[in-house]
Amino acid sequence: MSATASIDFDMVVIGANGDLARRKLLPSLYLLDLDSVLPPGRIIGVTRHALSTEAYREEVAEHLRIHLPEGAFRDDVWQRFAERLVYAHVSAADRASYGPLESLLGERPDAERVFYLSTPPQLYGAISQAVREAGLITDSTRIVLEKPIGHDLASAQAINHAVANAFPNEDQIYRIDHYLGKETVQNLMALRFGNALFEPMWRAEHVDHVQITVAESIGIEGRGSYYDHAGALRDMVQNHILQLLCLVAMEPPARLDQTSIREEKIKVLRALRPIAERDVHDKTVRGQYRAGAIDGQPVKHYLDEDRVAPDSTTETFVAIKAEIDNWRWAGVPFYLRTGKRMQQRQSEIVIHFRAVPHRLFADKAGAIQDNRLVIRLQPNESIRLGMMVKVPGIGMKLRAEDLNLNLAETFKQRTPGAYERLLLDVIRGNATLFMHREEVETAWRWIEPILDAWSERGDAPRAYMAGTWGPSESIALVVRDDRAWSEQLT
């Protein structure tokens, strides 16, 4: 791809008045402009409401003031950014309404075109076809799809097929997972493949088990109508957590390009051992939060949330024991966990290394803890390596301490948000951090039998109090293997 300075783009945000566009997309584009890394170009907001460009700009300014970090909204930058904003009144799934967008894009036929679909996934196929019929797709045009791509394998395949009918070149389709844009996730690649210390240890001979936790203290935040039909397994595990698992477990790619990395991630997904119905009880836990307290404030029962069915059996918590059947990871369990209304917001990957083979020190020296590599994704992005050290003084006393790399303290600069990095990659035409169709569908092939088994068994999700680490059964999931979740070891 050519240098950023030579790119000229038109990004068409379809669903520009939606929550995602207001909270994430437009603030991220503004911050790129603030940092002077956003190439020349326009941002075309598209909704079905009649609105002038000036009124649209006023709306964007209002939401930027709300959602940008404190001090980031500057009048001089806003004036520059506002000139990029254009509005088109279009009903995105209705080809007949595309006249205003055709006129706008026709003004700059040589600009790189990006269509960002900030809409419900069930509209992806119809919008793609309307864009195709309007003659708006060039050889370099790209389309960005937000998760979830379907609610099961069949619906994911249907969406992928419908979009591919309009965009037959898979390289033009960017399926976004914002977790892949996080700074610490990027650092995982550097950690593994840039350090001779870790790569030889990154295998079953030296790793006892791996934990991946994405815990949220928030509830469903007004998304009851979506979440009550999705649940934690579809909303988080099928995409975010399995993508993190792939980056942890994949083989070193031949090159750091989109094709090589995608190929290695797909191999991991294909190697995941299926969880059969007979194993679901022992290898999965599903929970649903009850009323409790977080940060000293009372929070309601999930069934009392807006637009949630009073008899809902939707899970707000999932824990899974996953296993990868290949040479590198045979016998190493991957414990996956995610939940709403957990004790604290915390996303991290923990590599638990095997114990030393022989205890050299006397018992009075203290307990020896296994080495742990903790990759914290949020909040306070950091990488910590837990090691045993001698306590200063006479005699041999041991204590576990961390070698700690705090990214904010070490580099003392603003870390770009995940959407900032990914949006710039879309504009540049770099699909390395985006999902291939085969990744999405292979992930569903592994997830769907779990959903089917839960449905067949008909068991209600296990209750857990808001403000805790989930149902007690999730503790039993790891205790049965003589292990413990990381927060229990601190």
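Biologist: What covers the buried residues of H9?
Modeller: The cover includes strand E6 (173–175), helix H7 (183–193), helix H8 (224–249), E11 and H13. Contact means heavy atoms within 4.5 Å. Buried means under 20% relative accessible area, exposed over 50%, partly exposed in between (1.4 Å probe, protein chains only). Helices (H or I, at least four residues) and strands (E, at least two) are DSSP runs, numbered from the N terminus.

Biologist: What kind of model is this?
Modeller: This is a predicted model: local features need pLDDT of at least 70, side-chain atom pairs count only at pLDDT 80 or more, and totals for chains, interfaces and linings use all residues. Residues are numbered from 1 along each chain as its sequence is written, and side-chain values use heavy atoms, with hydrogens and water left out.

Biologist: What pLDDT does the chain average?
Modeller: The average is 92, and 98% of the residues score at least 70. pLDDT is the predictor's confidence in each residue, from 0 to 100. Over residues 1–5 it is below 50. That stretch has 10 contacts in the model beyond near neighbours in sequence.

Biologist: Back to H9. How many of its residues are buried?
Modeller: 10 of 14, so H9 is mostly covered. Among them are Ile261, Arg262, Lys265 and Leu269.

Biologist: How far does H9 reach from its first C-alpha to its last?
Modeller: H9 (residues 258–271) reaches 20 Å, close to the 20 Å expected. The expected span is 1.5 Å times one less than the number of residues.

Biologist: New topic. What order do the strands of the open sheet have?
Modeller: E16-E15-E14-E13-E7-E12-E11-E8-E17, 9 strands with mixed pairing. Two strands pair if DSSP finds at least two bridges between them.

Biologist: Which strands stand at the edges?
Modeller: E16 (398–406) and E17 (462–465). Each has a single partner strand, so one side of each lacks a neighbour in the sheet.

Biologist: Is E7 enclosed or open, and how many of its residues are buried?
Modeller: 9 of the 9 residues in E7 (207–215) are buried, so the rest of the structure largely encloses it. 8 bridges join E7 to E13 (346–353), antiparallel. Another 6 join E7 to E12, parallel. Gln211 stands opposite Tyr335 in E12.

Biologist: Which strands does H14 lie across?
Modeller: E8, E11, E12 and E17, with H14 (472–479) running at about 15° to E11. H13 (437–457) lies across E8, E11 and E12, at about 125° to E11. Axes are lines fitted to C-alpha atoms, for helices over the stretch in contact, and angles run from 0 to 180 degrees between N-to-C directions.
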